[in-house]
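Okay, morning everyone, thanks for coming.

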Amino acid sequence: MTTWRIRDFHPSDLDGILHLWTAMTDSGIEPVYSLSEVLASCQKDVAVVALHGEDVVGAAVGRAAHEQGWIVFLATLPEWRSRGIGTALLAALENRMAPLGLTKLSALMPDTETRLEAFLSRGFKDVQNLRFFERQIPVQRTELEPLAQLGGRVLPRDLWDRVAGMKREKQLLERRLVLPLARAELADEFGVVPPRAVVLFGPPGTGKTTFAKAIASRLEWPFVEVFPSRLAGDAEGLAGALRRTFTEIAELEHAVVFLDEVEEIASHRAGDPPSPNQGVTNELLKIIPAFREQSGRLLVCATNFIRALDSAFLRHGRFDYVIPIGLPDAEARRSMWERFIPEAVLPDVDVEALVERTEGFSPADIEFAARSASQRALEKAVYAVGAEGAAAADGASPAPAGALGRRGPTTEDYLEAIGETKTTVSEEVAAAFLEDIEELARA
Ligand SMILES: Nc1ncnc2c1ncn2[C@@H]1O[C@H](COP(=O)(O)OP(=O)(O)OP(=O)(O)O)[C@@H](O)[C@H]1O
Ligand SMILES: [Mg+2]
């Protein structure tokens, strides 16, 4: 006589499911679906239980994903095995899921799973040579809302790789910042205190913002930029708004917090009567130590005018590193050109000539020159075809796509565009930057 019966899951069965789960993991089986997934499916998807009296001795839980159903849990208490309960549970589950219009029912089981009879007897095929991939999503949904309120976001994963050249800077940031933060436990074993705040300084357009974002992307931490200019209009005043913003940031699990043009709010405190900015600088000086006490976050400040910063601001203890981001050397410029020149024309372009001609150019300048070369080449190709090299008159109709004589910019287009690009960083600024490195850099 059967001493067990099957019925639909009731919320009061949750304890029983938990018991099954524990029995399963105790016997060395590591289930594919997490307990919280299984419990969620019990309540929202389809679940059946096997009962002995009122005790849950087995359960099967399934969920539909469009036309494919997945069995997220199948378990029987050890003392109730080999009595056909598993097979009966699967049959009942399939029956309950039938109205969902499934065309396939699948199950993922760990390799250590030994109870295969239930599946085989229900006609499941044991598919070989499959691999199972999974990845933890770093930012949880519950965090997305506070993050959005702060104007923060999760950046694409490949920003770090998209930073062309700048090998020295990249290596420094990778080793000093990313390594101890991404592998906090290992760093701890070695007695490395993880960095909490850094300053990036350098002339305009050298990639400070780009690096700050790339670090966030590399760490897979959300990126939150704090804009003092936007906070200035706040009813609490800039100092109050900054304090509030950092309190909100403290609620996040992880974050790279970016404060650009920091010299605007942390410049030398001087003057009598004190300038209104002094209160803001003082506030920031208080905020940073508090920020440093929390793990899982990094403050990145950027400035073009490191000398303008208050000396107390840069003191040891506030910032772990003060890192120069300078103009790209030849190798970095080469990587940038190779990045910006369309692949199809790259073999025909004299990259070395461009590298040579762009000494003193910032990445932003190179990007600008590359874009204008592309634009001018596109215009030439579209409007000059048929005019046999002569510039087409205004209003000439564009050539049909198939008739274009050339594809993409040439070395000449690039050299012309370079000739017309005004570099942002003057020699004086570049020289002053080298002095700043001597005096203030700390890496
Ligand atoms: N290493 C790089 N590889 C490719 N593009 C880069 C690189 N560094 C910077 N750029 C590009 O150059 C432009 C300027 O970079 P970014 O805004 O990061 O400079 P910045 O140092 O923050 O400038 P500013 O001081 O004006 O704020 C951006 O469009 C960026 O995409
Ligand atoms: Mg910037």
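**Around ligand 1**

So, start with Ala 164: a polar atom of the Ala 164 backbone is 2.9 Å from a nitrogen atom of ligand 1. Keep in mind that this is a predicted model.

Now over to the oxygen side of things. The side chain of Lys 208 has an N or O atom 2.8 Å from an oxygen atom of ligand 1. Then there's Thr 209, with a polar side-chain atom 2.7 Å from a ligand 1 oxygen. And how much of ligand 1 does the protein bury? On its own, ligand 1 exposes 630 Å², and 77% of that gets buried by the protein.

As for where we are, ligand 1 sits in the second largest pocket. There are 16 residues around it, and those that come nearest are Gly 205, Lys 208, Thr 209, Thr 210 and Glu 367. By type, the shell splits into 8 nonpolar, 6 polar and 2 charged residues.

Which helices supply at least two shell residues each? Those are α9 (208–219), α14 (330–340) and α16 (363–384). On the domain level, domain 2 (141–324) and domain 3 (330–424) each give at least three residues to the shell.

Notes: Residues numbered from 1 in each chain as written. Chains lettered and ligands numbered in written order. Predicted model: local features only at pLDDT ≥ 70, side-chain atom pairs only at ≥ 80, totals over all residues. Heavy atoms only, no water. Near = heavy atom within 4 Å. Polar contact = N/O pair within 3.5 Å; in protein donor to acceptor, adjacent residues only side chain to side chain. Areas by Shrake-Rupley, 256 points an atom, 1.4 Å probe, with all protein chains shown as cover. 1 Å grid on protein atoms, 1.4 Å probe; cavity = no way out; pocket = protein on both sides within 12 Å on 5 of 7 lines; lining within 4 Å. Sits in = over half its atoms within 2 Å of the grid points. Helix = DSSP H or I, 4+ residues; strand = E, 2+ residues; numbered from the N terminus. Nonpolar A, V, L, I, M, F, W, Y, C, P; charged D, E, K, R; others polar. Domains from an automatic or database assignment.
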